[in-house]
Amino acid sequence: MQVALVVLLVVCGVIALVLQSEHDTSTEAKRRSIAVAQTFAHSPGVVQALHTPKPSAVLQPLTEAARKSAGVDFIVVMDTKGIRYTHPLPSKIGHRFVGQIGPSLAGKVYTEEVHGPLGHEEQATVPIYDDHGKIIALVSAGLKVKNVTSEVDRQLPIILAAGAGALVASTGGTALVARRLRRQTHSLAPDEMTRMYEHHDTVLHSVREGVIIVGDDGQLLLVNDEARRLLELPTDAEGCKVLELPGLDPATADLLASGRDASDEVHFAGGRLLAVNQRPTDRVGGPRGTVATLRDCTELQAVSGRAEVTRERLELLYDAGLGIGSSLDVVRTADELARVAVPRFADFVTLDLADAVLHGEEPAPTATDMRRVAVSGIRDDHPLYEKGRLIDFLPSTPQARGYRAGRSELVSDLSALDGWTEQDPERARQILDYGIHSLIAAPIQARGIVLGMANFWRSKREPFDAEDLSLAEELVARAAVSIDNARRYTREHALAVTLQRSLLPRALPAQSALDVAYRYLPAQSGVSGDWFDVIPLPGSRVALAVGDVVGHGLHAAATMGRLRTAVHNFSTLDLPPDELLSHLDDLVGRIDQDEACAETAGEIVGATCVYAIYDPVTRRCVMARAGHLAPAVVAPDGSAGFPDLPAGPPLGLGGMPFQSAEFELPEGSQLVLYTDGLVEDRSRDLDVGMELLRRSLAGHPDRPPEESCRAVLEDLLPERPADDVALLIARTRALPADRVADWDVPRDPAAVSGMRAAVSEKLAEWGLSELGFGMELVLSELITNAIRYGSDPIHVRLIHDRTLICEVADGSSTSPHLRYAATTDEGGRGLFLVAQLAERWGTRYTPQGKVIWAELAVPDLGEFGDLLAD
């Protein structure tokens, strides 16, 4: 019978070991899958690889190498829709992942068994986070179930062998023990039995654990010395009813008398915490009753409580390290500190920063002009100062003392503190009546500068103590560096934006050719090199320029200013757009060469620009671009499109010529120039942005440029654009035909007098007879120079715009030069006389020759001025 029993036990043990081995192997497979998946998800370079154009090309060799080294059957990386980037079978790449991805998209680690491409598989799926905590992909790793089963099969011989050995050992041991026990029982004497019971009694009263036996009727049958001490029982307690024992805690007495099972129930008795275990005594055929053991766990509870408090504080500091300083915004960082501390550390938290800190400046040495930037609490009806209030703390307040000394102030009892009520007696009374009783005022100090004060208030829990003070200082220290970094960034960003805005046009110049509106929006992350310009040119023409320097920061803004100045300088030469861009390309190339050094390597890599010239007399527009997006044109009927403008290389690359295109724009057309920040975005393709721009412009032929700018920005830009945006919208005007006069002049000196008469007649028609004398002198000199030094054909054009413009064109490319004639010279004073009479004069070259022009001020615009005002 004993052998059969042992065999049965061994067989059961072998079966249990097999089942346990299979369970352990499966559990190990899951743990290994989870470990491999989590390790790969947090591996360096995985997030960067997911942002590449072809993630599979980068991740496939990495996953295969990791799979082989980790000993798993597969590692699969997929996007958030379950499409695989990697797989041991390359043909499965691009197919949908077999398994559940919902829990992992919610941030959980999920394990499951599925029938996948490799067969029956045990797999674990975990999320991949980017730097902002957003789930951007998933990774799954696992083993085939047959491989897991094979592990059990390999272990089975060992288990069976161990079972056989255990069977032999158990059977032999049982036989030996049984024979020995029989022998010892037959030889046991009465004195030996008495000694055995004496030893039992000695052990019972020597152990450090209380033992109590209670009968079925609730009578105390046995109590050892330790139980008597823990429960403070009298010496004659045995034989008494448990419920009648004096001084025994009622809850403990009820448990001992109930007869129910109990496992480590904690009861308070005699100022101690006791862990009570209770079991019935009749489970092995004994008399009915219960046996209970008592263990003193008072010290253990105290240690456990301190450990729990320490754990909570470490967890709070860890969460503060992760949650504070997520942005370079002073107010947001302060608000993050307030939200982390409530309600885990304080019931209410307020943060006050020096008002200068919010503007990136150095704070004052005293706690005046403090701005409350963050308020957080367990309730919203608190009497503390509201967010945004400007506060001047009196010297008697804890905030002022802490700010001045740079040390934290601990106030365990606000009602007993003198001086702080002087700040606002009525509000102080409301704070005390509300129940707020304790305060820690900690200075927000970084790099030796006190930036403000963090105030922690309590109302629903015990007052702050010295340990709470050290925790508050640690919390504030973590936030102080982030706040100071945000302050410095605010200052530098303000300086950069100020510099950039100072380099952009402050006002549009007066001109009659275009009705212009513009918008410039700096990026939230920093300034860039976008710029625009409106430049009046001779002959009532206007040049429009929009450009973008590659890069961000002060260097890009300064380079933008240099290029804008260069465009102004080149425009004074009245160059065609393609020639102007060529000169600008040479300038950018020289800048790159002059500033090429180790410290500035890569700071300047080029720029883009589009340059257009519109002539209101001919309604012709000539434009060229250097690596820039093509401008948009809105016709008077409301249709919008992008003209076919040759795309030149970006500025600074050199080697390729620029090409210009000429278009005729009907009066009322809109010319739209912009930078790539308007249409490019991470969430959409460039073609999509261009189409959105076209739709935003189309269908509104009568909308003023100012409203068009506002509508385009609302339709295309997100709330916080990532790049600078420059937008220029110009509606074309045409100069009335009666404001322009043209004459062809024969190459004969006698024709000069006839031209003077014709011009005088035209000036009289325009109501400008008072300018006749000056214009006749200017016209005579210019026509005489063209006849004497130029070549055919000679053409004269008179334009009545904001100024009176006289243009004399001839077929020669020789440019006249102004010089000062000596008193004995008979000639050489013509151009000097023109320069004295005209406001401006100059020369521009055309494919047919040159044009010499001069502008005279018009005293009154008359009806045309009213037209321009409208």
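**Reading the labels on this predicted model**

User: Why is Pro-577 called buried?

Analyst: Pro-577 has a relative accessibility of 2%. Buried means under 20% relative accessible area, exposed means over 50%, and partly exposed is in between (1.4 Å probe, protein chains only). Pro-577 is under the 20% cut-off, so it counts as buried. This is a predicted model, where local features need pLDDT of at least 70, side-chain atom pairs count only at pLDDT 80 or more, and totals for chains, interfaces and linings use all residues. Residues are numbered from 1 along each chain as its sequence is written, and side-chain values use heavy atoms, leaving out hydrogens and water.

User: Where is Pro-577, and what does it touch?

Analyst: Pro-577 lies in helix H15 (residues 577-594). Helices (H or I, at least four residues) and strands (E, at least two) are DSSP runs, numbered from the N terminus. Not counting residues up to four places away in sequence, Pro-577 touches Tyr-611, Ile-613, Val-622, Met-623 and Ala-624; a contact here means heavy atoms within 4.5 Å. Pro-577 and Val-610 are 33 residues apart in sequence, with their C-alpha atoms 8.6 Å apart in space.

User: What do those labels give for the chain as a whole?

Analyst: There are 21 helices and 31 strands in the protein chain, and 44% of its 870 residues count as buried. Take the contacts between residues at least 6 apart in sequence: 61% of them join residues at least 24 apart.

User: How do you know that the length of H16 fits a helix?

Analyst: The expected span is 1.5 Å times one less than the number of residues. H16 (residues 686-697) has twelve residues, so it should span 16 Å, and its end C-alpha atoms are 17 Å apart, which agrees.

User: Which residues of H16 are buried, and what puts them on one side?

Analyst: The buried ones are Gly-689, Met-690, Leu-693, Ser-696 and Leu-697. They cover an arc of only 125° around the axis, which puts them on the same side of H16; the arc is that of the directions from the helix axis to the C-beta atoms. As background, an α-helix has 3.6 residues a turn, so residues three or four places apart point the same way. The buried residues of H16 pack against several elements, among them strand E25 (670-674), helix H17 (705-716) and strand E26 (725-732). After H16 comes Gly-699, with a positive phi near 85°.

User: What makes Asp-347 buried, and what does its side chain reach?

Analyst: With a relative accessible area of 3%, Asp-347 is under the cut-off and so is buried. Its place is in the loop between helix H10 (330-341) and strand E10 (348-354). The Asp-347 side chain reaches the backbone nitrogen of Ser-459 at 2.6 Å and that of Lys-460 at 2.7 Å.

User: Where is the cis bond at Pro-343?

Analyst: The peptide bond from Val-342 to Pro-343 is cis, with omega near 0°, and Pro-343 sits in the loop between H10 and E10. Another cis bond runs from Asp-792 to Pro-793, again with omega near 0°.

Definitions and conventions:
Polar contact = N/O pair within 3.5 Å; in protein donor to acceptor, adjacent residues only side chain to side chain.
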